[in-house]
Amino acid sequence: MKAADFLYHRAGSVAEAVTLLDEYAGEARLLAGGQSLMPMLNMRLWRLGALIDVNQVPGLDGIEVEGQGDLEATRVGALTRYASLERSPLAASRLPLLVEMVRHIGDRQVRNRGTLGGSLVQGDPTAEMPLACLVLDARVRVESGRGGREIAMGEFYHGSYAAALEFDEMVTEIRFPRHPQHFAFSELTRRHGDFCVLSVAVTGECDSDGRWHDVRIGLGGVNDMPVLAEAASARLAGTRLADDDIREAAALTQEAIDPPSDMRATAEYRAHLVPVHVRRALQQLCSKNRAADRR
Amino acid sequence: MSFERTLNEQEISLTLNGERVRAWAPSRMHAADFLRQRLGRTGTHVGCEQGVCGMCTVMVDGQAVKSCLMLAAQLDGAEVCTVESLAEENGNLNALQQAFKKHHGLQCGFCTPGFLMLATSLAARGEAMSREQIRDEVSGVLCRCTGYEGIVRAVEEYLSVQQAEGSRFRQAEGSRHAEGAQQAMEAQS
Ligand SMILES: Cc1cc2nc3c(=O)[nH]c(=O)nc-3n(C[C@H](O)[C@H](O)[C@H](O)COP(=O)(O)OP(=O)(O)OC[C@H]3O[C@@H](n4cnc5c(N)ncnc54)[C@H](O)[C@@H]3O)c2cc1C
Ligand code: FES
Ligand code: FES
């Protein structure tokens, strides 16, 4: 199908883009990679007064590292495309979990166009980037004519497909604290490159005596938005991730989920899969750590 | 607030298969329709118009994209390559097209322009790729006829030939550079 009529603006700066958003008072949307917006318009799931193309806005597609040690942070511009993340040596060394998860998104053409900021604002509950950013404890920088603010990923969603943005706000940057030492990712998809049935991303630090701390377990596709399984994480603090620890923590993840039934899977099936994949991800975390020790 | 209706139409200047062209399009028109209906290049096919089938894949500024998910207006200033750019001037098929023919990489041919442009963009990256990687890289175009085997084999053969030629070219360039450097050093001493 063809999109319904709309006006088109090409913004040359963030200031221009947010001014236009404000003038249209909720009737306009920013056009970033277009990999979610364009299908919705073509299918007429959405009718908009105007699109504001931000692809020409300079300075929003970089990856930069600042600070050192515990204060190290990596800043990624909102318009950074998936393909740039895939190929950036800087991203590979500073944000390895994000880069691993990017490779699970869509296909080559989708990754050539889609952007990190677009994926976060789209807020698909099964999407990889919101889950990665949540587990990595990222903060989202937002600008509007009224000034700027930062939103923690944990507070970035009101619900599914509902980012906590005002209509005049634009995401400009995603800021990541120092990357955790260890990480693992596991997801189930029905078809290659499809949106997932569920996904699990885990991170953690391991002391020289083999005890784990700051274990974070993020779950995608099993709630309105990606969630952290806090009780399960707490169960693992100070443990060596022995089989019993992992089994009990995996069982505790049930508290964090409220899975939907849709065309990809029933709620029961998803609830069954969560501990299975959490167990796998934690075992992977453990074995990667041992492999690193041996090196 | 009122907006001029002229915003509903866009003037678009682009380089299409090496040729400068200019045309108008309604704002809501996607790039695939623009290429077909306004520029007469009907080699780019349209299937789902929701980014799933990959029939509309073309190269924009060297990258493979689904042109049903871009607006015509976004091609302004861009360099666009469609399947019409592949065959040689005398009408002979290029090496990639010949590989598709040889390996039975097409039956009805509806998906072929998409695969050809995706493979062309892969070759431009100049990386060696395993069959597994090729499968992954071409997964964004669907084919309902061939079962993909012939397509993957054709792309594999084409990439390996391109790679070999690319490295021969780079070696030749390298030795020219080395010669140049040698001469420069000799000139200095
Ligand atoms: C075939 C196909 C398969 C896909 N598979 C996956 C998958 O497996 N996993 C996955 O996660 N995604 C998948 N996607 C979606 C893809 O990741 C999109 O790129 C992403 O959801 C949106 O990013 P975008 O840059 O394309 O944003 P757009 O489509 O341009 O925009 C999406 C929304 O975000 C808003 N927006 C964009 N940028 C900003 C900004 N800077 N500030 C404020 N608002 C903004 C837009 O106004 C719009 O409402 C797939 C898409 C397709 C077509
Ligand atoms: S027509 Fe563009 S992806 Fe199907
Ligand atoms: S050859 Fe018919 S769809 Fe691919």
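User: What share of the 295 residues of chain A count as buried?
Analyst: In this predicted model, 55% of them count as buried; buried means under 20% relative accessible area, exposed over 50%, and partly exposed in between, with a 1.4 Å probe and protein chains only. Local features need pLDDT of at least 70, side-chain atom pairs count only at pLDDT 80 or more, and totals for chains, interfaces and linings use all residues. Residues are numbered from 1 along each chain as its sequence is written, chains are lettered from A, and side-chain values use heavy atoms, with hydrogens and water left out.

User: How many helices and strands in chain A?
Analyst: Eleven helices and 14 strands. Both are DSSP runs numbered from the N terminus, helices being H or I with at least four residues and strands E with at least two.

User: And why call chain A as compact as a globular protein of that length?
Analyst: Because the radius of gyration is 20 Å, close to the 19 Å from the globule rule for 295 residues. That radius is taken over C-alpha atoms, and the rule is 2.2 Å times the number of residues to the power 0.38.

User: What does the C-alpha trace span along its principal axes?
Analyst: About 60 × 45 × 35 Å for chain A.

User: Switching to strand β5 of chain A. Where does it run, and how many of its residues are buried?
Analyst: Strand β5(A) covers residues 73–77, and four of the five are buried, so the strand is largely enclosed by the rest of the structure.

User: Which sense does β5(A) pair in with β4(A)?
Analyst: Antiparallel, over four bridges, with β4(A) at residues 63–66. Two strands pair if DSSP finds at least two bridges between them. Glu66(A) has Ala73(A) as its bridge partner. Six residues lie between the strands of this hairpin, where Gly67(A) takes a positive phi near 70°.

User: What about β5(A) and β10(A), how many bridges there?
Analyst: Five, again in the antiparallel sense, with β10(A) at residues 170–177. Ala73(A) stands opposite Pro177(A) in that strand.

User: Which residues does Leu198(A) touch?
Analyst: Not counting residues up to four places away in sequence, the contacts (heavy atoms within 4.5 Å) include Ser186(A), Leu188(A), Val222(A), Leu273(A) and His277(A).

User: How far is the C-alpha of Leu198(A) from that of Leu219(A)?
Analyst: The two C-alpha atoms are separated by 7.3 Å, with the residues 21 apart along the chain.
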